[in-house]
Amino acid sequence: MNSTLLIRSRRTVLPGGVTEAAVFVRDHRIAAIGGYDLRVDADRTVDLGDLPLLPGLVDSHVHVNEPGRTEWEGFATATRAALAGGVTTVCDMPLNSSPVTTSVEALRAKIAAAAGQCWVDVAFWGGAVPGNLSEFAGLLDAGVVGFKCFLIDSGLPEFPPLSREELRSAMQALAQSRAPMIVHAEDPSQVTTPSGPSYDAFVASRPPVAERRAIETVISAAAFSGARAHIVHLAAAECAALISSAKAAGIELSAETCPHYLFFAAEEVPPEHTEFKCCPPVRYAVNREALWRALGDGAVDGIVSDHSPCTPSLKGLPHGDFRTAWGGISSLQIGLSVVWSVARRRGFSLADVSRWMSVFPASLAGLPSKGRIAVGCDADLVAFDPDASWEVRAAELLHKQPVTPYDGRTLTGRVTRVWLGGVEVTPADPPLGRLLARGGEQLGS
């Protein structure tokens with residue numbers, strides 16, 4: 001028999017804003033929402049007082065890497081880290097696992113690897129590469145939430161980029177399904193080899209124009225096909241106007257950015273500290289502030305981690321070379337605290353953060369029961385102390401590899417309790433996460 005739960009908070013983040021409320025949970029879903037003093041028979045009542053209650057975060061951009069590269073990251077370590085950081089649903093990227101998720105057979109291998117070792121709910125992206133259009137229908141039927149492609153070398157020979165023509169064809173194939181094509185948008189014609197090992201040389205080698213030209217290609221393909229397109233990990237704030245114009249023209253386009261683009265600036269990246277390397281790169285402070293403005297005015301829709309870990313040796317640490325180090329930043333466990341630390345200084349609220357980190361990613365991935373505290377939604381809930389101050393220690397994080405550019409940083413705001421489907425859970429508990437298909441149905445059910 002499923003138990004019932006009533007959670008009260010004077011700062012409950014609902015779709016309409018932050019308010020006093022009580023949330024009643026039955027059968028793992030939110031059954032009712034009432035005033036703070038709502039009286040119902042419940043097996044357990046939790047009163048958070050002034051501690052905010054948020055919907056569980058949905059991180060739609062996570063590289064778990066299992067199977068094949070589990071020494072980088074795996075489902076057990078990644079999802080335990082996610083849970084500790086208030087992320088109750090992750091969407092796994094089709095690379096850097098081996099095999100990459102570009103066929104139904106590869107998806108089955110991914111599902112088999114994930115089964116029984118997920119502390120949060122997990123959904124899966126399929127991959128779009130040259131020559132796999134015939135796999136799209138089968139992958140959609142098997143449950144992927146959409147497709148990821150690159151317009152530039154991904155770093156993995158088994159996941160090559162699409163040409164302009166191939167992007168158009170792939171998006172035509174997706175138009176009827178309404179599943180999104182999510183795109184790593186950098187134009188290879190605008191990217192050069194860094195002139196030296198420094199971070200400045202690396203940033204100069206991947207200029208904003210590379211993002212802009214690639215986004216123009218995506219907009220053209222979206223307009224041609226009528227399919228939904230999404231720009232992943234936007235770093236160049238100057239592209240926000242282009243994205244807004246496309247939206248205004250009726251093109252179904254959205255964009256995300258990442259905590260590292262909003263927290264760091266290129267000016268502060270130390271020499272040889274390749275834990276900061278990602279593609280596109282963290283740009284300069286003026287760009288960071290423009291990204292915040294783009295979030296505020298809606299040109300950029302959401303924030304996700306792009307958690308992309310690897311071994312310290314692939315980063316070349318302790319004395320890395322930005323020309324050769326693997327690109328990717330680990331932040332799955334700390335993204336909410338990172339974003340809140342800098343969002344609050346700019347006048348944004350927990351409702352804004354929830355919209356960016358819960359509501360939008362759930363919508364993108366086609367998971368309607370996720371990301372909101374609303375009747376009928378999954379009771380994935382997070383108690384968050386917005387005033388707690390703490391120092392990140394990479395060695396104490398639950399990611400598999402103790403490498404992150406946030407090591408030693410002091411953050412504000414910390415997750416204190418998490419409920420998954422109305423059950424309070426911690427990383428020390430047995431895994432309760434489910435594997436989900438687009439639409440939110442459980443895979444295999």
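Cys149 is buried, at a relative accessible area of 0%; buried here means under 20% relative accessible area, exposed over 50% and partly exposed in between, with a 1.4 Å probe and protein chains only. The model is a predicted one, in which local features need pLDDT of at least 70 and side-chain atom pairs count only at pLDDT 80 or more, while totals for chains, interfaces and linings use all residues. Residues are numbered from 1 along each chain as its sequence is written, and side-chain values use heavy atoms, with hydrogens and water left out.

The sulfur of Cys149 has its closest cysteine sulfur in Cys239, 16 Å away, which is too far for a bond. Cys279 is in no disulfide either, and the nearest cysteine sulfur, that of Cys278, is 6.8 Å from it. The structure as a whole holds 0 disulfides, a disulfide being a pair of cysteine sulfur atoms within 2.5 Å.

The next topic is the open sheet. It is formed by 6 strands in the order β9-β10-β11-β12-β13-β14, with parallel pairing. Its edge strands, β9 (126-127) and β14 (302-303), each pair on one side only. Strands (E, at least two residues) and helices (H or I, at least four) are DSSP runs numbered from the N terminus, and two strands pair if DSSP finds at least two bridges between them. Strands of a sheet pair through backbone hydrogen bonds, in a parallel or an antiparallel way. Within this sheet, β10 (residues 147-150) and β11 (residues 181-184) are joined in the parallel sense by 4 bridges. Lys148 has Ile182 of β11 as its bridge partner.

Val183 also lies in β11. With a relative accessibility of 0%, Val183 counts as buried. Apart from neighbours within four places in sequence, Val183 is in contact (heavy atoms within 4.5 Å) with Cys149, Leu151, Val218, His230, Ile231 and Val232. Phe147 is 36 residues from Val183 along the chain, and the C-alpha atoms of the two are separated by 8.5 Å.

β6, α1 and β7 make a right-handed β-α-β unit; a crossover is right-handed if, with the strands pointing away from the viewer, the path from the first strand over the helix to the second runs clockwise. The strands β6 and β7 run parallel and are joined by 4 bridges. Val62 has Asp92 in β7 as its bridge partner. Since 6 of the 6 residues of β6 are buried, this strand is largely enclosed by the rest of the structure.

The loop between β7 (87-92) and α2 (104-114) holds Thr101. Thr101 is buried, with a relative accessible area of 1%. Not counting residues up to four places away in sequence, Thr101 touches Pro94, Ala106, Leu107, Lys110, Trp125, Gly126, Gly127 and Leu139. Helix α2 has its own buried residues: Val104, Ala106, Leu107, Lys110, Ala113 and Ala114. These buried residues of α2 pack against α1 (75-84), β7, β8 (121-124) and α3 (136-142). Just after α2, Gly116 takes a positive phi of about 80°.

The last topic is the aromatic rings. The structure holds 14 aromatic pairs; rings of Phe, Tyr and Trp (its six-membered ring) pair if their centres lie within 6.5 Å, and planes under 30 degrees apart count as stacked, over 60 as edge-to-face and the rest as tilted. The rings of Trp72 and Trp326 are edge-to-face, because their planes are at 65°, with centres 5.1 Å apart. This pair links distant parts of the chain, 254 residues apart: Trp72 is in the loop between β6 (57-62) and α1, and Trp326 is in the loop between β14 and α10 (335-343). Both Trp72 and Trp326 are buried.

The rings of Phe264 and Phe276 are likewise edge-to-face, with centres 5.0 Å apart and planes at 70°. Phe264 and Phe276 are 12 residues apart, in the loop between α8 (259-263) and α9 (285-296). Phe264 is buried, as is Phe276. One aromatic cluster is formed by Phe263, Phe264, Phe276 and Tyr406.

Charges also sit over rings, meaning that NZ of Lys or CZ of Arg is within 6 Å of the ring centre and within 35 degrees of the ring normal. Arg10 lies over the face of Tyr36, at 3.9 Å from the ring centre. The charged end of Arg80 is over the ring of Trp119, 5.8 Å from its centre.
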